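This report goes through one protein model part by part. Keep the sequence and the structure in view while reading.

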Amino acid sequence: MTQDELKEAVARAALDYVVEGRIVGVGTGSTARKFIESLAGIKDRIAGAVASSEDTRQRLEGHGIRVFDLNEVSDIPVYIDGADEITPHMHMIKGGGGALTREKIVAAVAQSFVCIADASKFVDVLGAFPLPVEVIPMAAAHVSRELVKLGGTPVQRPNFVTDNGNLILDVKGLRITDPEDLETRINQIAGVVTNGLFALRPANVCLLGTPNGVRTVKAS
Ligand code: 5RP
(Lines give C-alpha, C1' and ligand atoms only; values in the text may rest on other atoms or scores of the structure.)
Protein backbone atom coordinates (compact mmCIF):
# COMPACT_ATOMS: atom_id res chain seq x y z
CA MET A 1 0.00 0.00 0.00
CA THR A 2 1.20 3.51 -0.72
CA GLN A 3 1.33 6.16 2.01
CA ASP A 4 -1.65 7.80 0.32
CA GLU A 5 -3.67 4.58 0.52
CA LEU A 6 -2.76 4.18 4.20
CA LYS A 7 -4.04 7.71 4.84
CA GLU A 8 -7.28 6.91 2.98
CA ALA A 9 -7.74 3.76 5.07
CA VAL A 10 -7.39 5.57 8.42
CA ALA A 11 -9.61 8.42 7.20
CA ARG A 12 -12.37 5.93 6.36
CA ALA A 13 -11.91 4.14 9.69
CA ALA A 14 -12.31 7.45 11.55
CA LEU A 15 -15.91 7.71 10.31
CA ASP A 16 -16.83 5.10 12.95
CA TYR A 17 -15.98 7.70 15.62
CA VAL A 18 -18.18 10.45 14.18
CA VAL A 19 -21.33 10.87 16.27
CA GLU A 20 -24.55 11.05 14.26
CA GLY A 21 -26.43 14.35 14.44
CA ARG A 22 -23.54 16.14 16.17
CA ILE A 23 -20.69 18.48 15.29
CA VAL A 24 -17.28 16.99 14.46
CA GLY A 25 -13.95 18.78 14.92
CA VAL A 26 -11.78 18.51 11.83
CA GLY A 27 -7.99 18.80 11.68
CA THR A 28 -5.57 20.01 9.03
CA GLY A 29 -3.06 18.35 6.72
CA SER A 30 -3.00 15.67 4.05
CA THR A 31 -4.51 12.94 6.27
CA ALA A 32 -7.22 15.30 7.52
CA ARG A 33 -7.97 16.14 3.86
CA LYS A 34 -8.63 12.45 3.22
CA PHE A 35 -10.94 12.47 6.23
CA ILE A 36 -12.84 15.47 4.84
CA GLU A 37 -13.40 13.54 1.60
CA SER A 38 -14.76 10.57 3.58
CA LEU A 39 -16.87 12.85 5.78
CA ALA A 40 -18.51 14.32 2.67
CA GLY A 41 -20.07 10.90 2.08
CA ILE A 42 -21.99 11.07 5.39
CA LYS A 43 -22.56 14.83 5.55
CA ASP A 44 -26.33 14.43 5.88
CA ARG A 45 -25.81 12.47 9.11
CA ILE A 46 -23.90 15.19 11.00
CA ALA A 47 -24.92 18.65 12.22
CA GLY A 48 -21.75 20.16 10.82
CA ALA A 49 -18.10 20.70 11.65
CA VAL A 50 -15.65 23.00 13.40
CA ALA A 51 -12.50 23.63 11.35
CA SER A 52 -8.95 23.87 12.70
CA SER A 53 -7.72 26.08 9.83
CA GLU A 54 -8.90 28.26 6.97
CA ASP A 55 -7.83 25.54 4.52
CA THR A 56 -10.00 22.98 6.30
CA ARG A 57 -12.91 25.42 6.52
CA GLN A 58 -12.80 26.01 2.77
CA ARG A 59 -12.60 22.30 1.98
CA LEU A 60 -15.51 21.45 4.30
CA GLU A 61 -17.66 24.21 2.81
CA GLY A 62 -16.64 23.08 -0.67
CA HIS A 63 -18.27 19.73 0.14
CA GLY A 64 -21.42 21.46 1.41
CA ILE A 65 -20.65 20.72 5.07
CA ARG A 66 -21.84 23.46 7.44
CA VAL A 67 -18.92 24.97 9.38
CA PHE A 68 -19.60 26.42 12.83
CA ASP A 69 -17.52 29.09 14.53
CA LEU A 70 -16.05 27.53 17.68
CA ASN A 71 -17.61 30.30 19.76
CA GLU A 72 -21.07 29.07 18.73
CA VAL A 73 -20.33 25.57 20.02
CA SER A 74 -19.84 24.30 23.57
CA ASP A 75 -19.66 20.58 22.98
CA ILE A 76 -17.71 18.63 20.35
CA PRO A 77 -17.86 14.85 20.92
CA VAL A 78 -14.85 14.09 18.74
CA TYR A 79 -11.92 15.83 17.04
CA ILE A 80 -10.19 13.99 14.20
CA ASP A 81 -6.74 15.03 13.03
CA GLY A 82 -3.36 13.78 11.84
CA ALA A 83 0.03 14.10 13.54
CA ASP A 84 3.67 14.47 12.56
CA GLU A 85 4.74 12.05 15.28
CA ILE A 86 2.81 10.07 17.91
CA THR A 87 4.10 7.86 20.73
CA PRO A 88 2.57 4.82 22.45
CA HIS A 89 1.52 7.29 25.21
CA MET A 90 -0.51 9.19 22.57
CA HIS A 91 1.73 12.26 22.92
CA MET A 92 2.14 14.02 19.59
CA ILE A 93 4.10 16.56 17.62
CA LYS A 94 1.75 18.53 15.38
CA GLY A 95 1.98 21.67 13.31
CA GLY A 96 3.79 20.51 10.20
CA GLY A 97 0.99 22.30 8.35
CA GLY A 98 1.27 25.32 10.65
CA ALA A 99 -2.23 25.01 12.11
CA LEU A 100 -1.10 23.91 15.59
CA THR A 101 -2.75 26.70 17.60
CA ARG A 102 -6.25 26.29 16.19
CA GLU A 103 -5.81 22.51 16.31
CA LYS A 104 -4.95 22.72 20.00
CA ILE A 105 -7.94 24.95 20.69
CA VAL A 106 -10.44 22.67 18.95
CA ALA A 107 -8.85 19.62 20.60
CA ALA A 108 -9.23 21.34 24.00
CA VAL A 109 -12.98 21.64 23.48
CA ALA A 110 -13.46 18.11 22.13
CA GLN A 111 -14.30 15.25 24.46
CA SER A 112 -12.20 12.83 22.45
CA PHE A 113 -9.21 13.19 20.09
CA VAL A 114 -8.87 10.56 17.37
CA CYS A 115 -5.47 10.72 15.70
CA ILE A 116 -5.26 9.33 12.16
CA ALA A 117 -1.78 8.57 10.88
CA ASP A 118 0.19 6.21 8.73
CA ALA A 119 2.58 3.91 10.57
CA SER A 120 5.64 6.04 9.74
CA LYS A 121 4.41 8.58 12.33
CA PHE A 122 4.55 6.12 15.24
CA VAL A 123 7.74 6.69 17.30
CA ASP A 124 9.06 5.82 20.75
CA VAL A 125 10.53 9.27 21.43
CA LEU A 126 9.35 12.59 19.94
CA GLY A 127 11.73 15.03 18.32
CA ALA A 128 13.09 13.69 15.05
CA PHE A 129 10.41 15.85 13.42
CA PRO A 130 11.28 19.53 14.10
CA LEU A 131 8.94 20.94 16.75
CA PRO A 132 6.80 23.81 15.39
CA VAL A 133 6.37 26.82 17.67
CA GLU A 134 3.93 29.62 16.75
CA VAL A 135 5.40 33.00 17.69
CA ILE A 136 4.22 36.62 17.72
CA PRO A 137 6.43 38.24 15.01
CA MET A 138 8.08 40.87 17.27
CA ALA A 139 9.21 38.09 19.65
CA ALA A 140 10.89 35.82 17.10
CA ALA A 141 14.50 36.64 18.06
CA HIS A 142 13.81 36.48 21.81
CA VAL A 143 11.95 33.17 21.52
CA SER A 144 14.73 31.74 19.33
CA ARG A 145 17.34 32.56 22.00
CA GLU A 146 15.21 30.91 24.70
CA LEU A 147 14.69 27.80 22.55
CA VAL A 148 18.47 27.50 22.10
CA LYS A 149 18.79 27.52 25.92
CA LEU A 150 16.41 24.54 25.95
CA GLY A 151 18.77 22.66 23.62
CA GLY A 152 17.03 23.25 20.30
CA THR A 153 18.01 24.80 17.00
CA PRO A 154 15.13 27.00 15.82
CA VAL A 155 14.71 27.92 12.15
CA GLN A 156 12.02 30.33 11.00
CA ARG A 157 9.70 28.64 8.49
CA PRO A 158 10.30 30.53 5.23
CA ASN A 159 7.48 32.46 3.53
CA PHE A 160 4.91 31.27 6.04
CA VAL A 161 2.32 33.20 8.04
CA THR A 162 -0.21 31.32 10.19
CA ASP A 163 -3.98 31.83 10.00
CA ASN A 164 -3.49 33.98 13.11
CA GLY A 165 -0.93 36.27 11.45
CA ASN A 166 2.09 34.84 13.27
CA LEU A 167 5.39 33.09 12.45
CA ILE A 168 6.48 29.49 12.93
CA LEU A 169 9.86 28.50 14.34
CA ASP A 170 10.71 24.85 13.56
CA VAL A 171 12.97 23.55 16.33
CA LYS A 172 15.44 20.84 15.40
CA GLY A 173 17.70 18.82 17.67
CA LEU A 174 15.29 18.11 20.52
CA ARG A 175 15.04 14.61 21.96
CA ILE A 176 11.83 14.97 23.91
CA THR A 177 11.81 12.54 26.82
CA ASP A 178 9.37 14.57 28.98
CA PRO A 179 6.89 16.08 26.53
CA GLU A 180 4.49 17.46 29.16
CA ASP A 181 7.32 19.39 30.84
CA LEU A 182 8.70 20.74 27.57
CA GLU A 183 5.23 21.72 26.32
CA THR A 184 4.74 23.75 29.51
CA ARG A 185 8.22 25.32 29.46
CA ILE A 186 8.02 26.48 25.84
CA ASN A 187 4.53 27.90 26.33
CA GLN A 188 5.87 30.03 29.21
CA ILE A 189 8.30 31.93 26.94
CA ALA A 190 6.93 35.43 26.32
CA GLY A 191 5.86 35.72 22.70
CA VAL A 192 5.04 32.05 22.18
CA VAL A 193 1.42 31.50 21.14
CA THR A 194 1.69 27.75 21.52
CA ASN A 195 3.95 24.88 20.55
CA GLY A 196 3.24 21.72 18.60
CA LEU A 197 3.57 19.33 21.53
CA PHE A 198 0.21 17.74 22.31
CA ALA A 199 1.13 15.98 25.55
CA LEU A 200 -0.98 17.78 28.16
CA ARG A 201 -3.94 16.96 25.91
CA PRO A 202 -2.89 13.75 24.17
CA ALA A 203 -4.94 11.74 21.70
CA ASN A 204 -7.44 9.29 23.16
CA VAL A 205 -6.94 6.82 20.36
CA CYS A 206 -4.76 6.52 17.27
CA LEU A 207 -5.88 4.81 14.07
CA LEU A 208 -2.61 3.72 12.55
CA GLY A 209 -2.42 2.76 8.90
CA THR A 210 -0.21 -0.31 8.44
CA PRO A 211 0.27 -2.62 5.43
CA ASN A 212 -1.77 -5.20 7.38
CA GLY A 213 -4.71 -2.86 7.94
CA VAL A 214 -5.77 -0.17 10.38
CA ARG A 215 -4.45 -0.75 13.90
CA THR A 216 -6.28 0.89 16.83
CA VAL A 217 -3.79 2.05 19.47
CA LYS A 218 -4.61 3.47 22.89
CA ALA A 219 -2.25 4.90 25.51
CA SER A 220 -0.01 2.29 27.07
C1 5RP B 1 -1.05 20.44 10.65
C2 5RP B 1 -0.83 19.20 11.42
C3 5RP B 1 -0.99 17.91 10.71
O4 5RP B 1 -1.92 17.12 11.40
C5 5RP B 1 0.32 17.21 10.67
O6 5RP B 1 1.28 18.07 10.09
C7 5RP B 1 0.24 15.90 9.85
O8 5RP B 1 0.01 16.22 8.53
P9 5RP B 1 -0.11 15.12 7.40
O10 5RP B 1 -1.41 14.41 7.63
O11 5RP B 1 -0.10 15.92 6.12
O12 5RP B 1 1.08 14.21 7.52
O13 5RP B 1 -0.54 19.20 12.59
O14 5RP B 1 -0.75 21.59 11.39
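Two residues are in contact when heavy atoms of theirs lie within 4.5 Å.

## Basis of the report

The model is predicted: local features need pLDDT of at least 70, side-chain atom pairs count only at pLDDT 80 or more, and totals for chains, interfaces and linings use all residues. Residues are numbered from 1 along each chain as its sequence is written, and side-chain values use heavy atoms, with hydrogens and water left out.

## Thr210

Thr210 belongs to strand 12; helices (H or I, at least four residues) and strands (E, at least two) are DSSP runs, numbered from the N terminus. Setting aside neighbours within four places in sequence, Thr210 is in contact with Met1, Leu6, Ala119 and Arg215.

Is Thr210 buried or exposed? Buried means under 20% relative accessible area, exposed over 50%, and partly exposed in between, with a 1.4 Å probe and protein chains only. At a relative accessible area of 13%, Thr210 is buried. Its side chain reaches the backbone oxygen of Gly213 at 2.7 Å.

## Helix 2

Helix 2 has 11 residues, of which 8 are buried, so the helix is largely enclosed by the rest of the structure. The buried residues are Thr31, Ala32, Lys34, Phe35, Ile36, Ser38, Leu39 and Ala40. Their cover includes helix 1, strand 1, helix 3 (54-62), strand 3 and strand 6.

## Nonpolar cores

A nonpolar core is a set of buried Ala, Val, Leu, Ile, Met, Phe, Trp, Tyr and Cys residues joined through side-chain atoms within 4.5 Å. The largest one has 22 residues, and Val24, Phe35, Leu39, Leu60 and Ile80 touch the most other members. Elements that each supply at least two residues of this core include helix 1 (3-14), helix 2 (30-40) and strand 12 (205-210).

Not counting residues up to four places away in sequence, Leu39 touches Leu15, Val18, Val24, Val26, Ile46, Leu60 and Ile65. A second, separate core of 21 residues includes Val50, Val73, Ala110 and Ala117.

## The ligand

The ligand is surrounded by 16 residues, the closest being Ser30, Thr31, Asp84, Gly95 and Lys121; a residue is counted if one of its heavy atoms lies within 4 Å. This shell divides into 2 nonpolar, 9 polar and 5 charged residues.

An oxygen atom of the ligand lies 2.7 Å from an N or O atom in the side chain of Lys121. Taken alone, the ligand exposes 380 Å², and the protein buries 91% of that.

Definitions and conventions: A polar contact is a pair of N or O atoms within 3.5 Å; within protein, one must be able to donate a hydrogen and the other to accept it, and residues adjacent in sequence count only if both atoms are side-chain atoms. Accessible areas come from the Shrake-Rupley method with a 1.4 Å probe; for residues, only the protein chains shown count as cover. Ala, Val, Leu, Ile, Met, Phe, Trp, Tyr, Cys and Pro count as nonpolar, Asp, Glu, Lys and Arg as charged, and the others, Gly among them, as polar.
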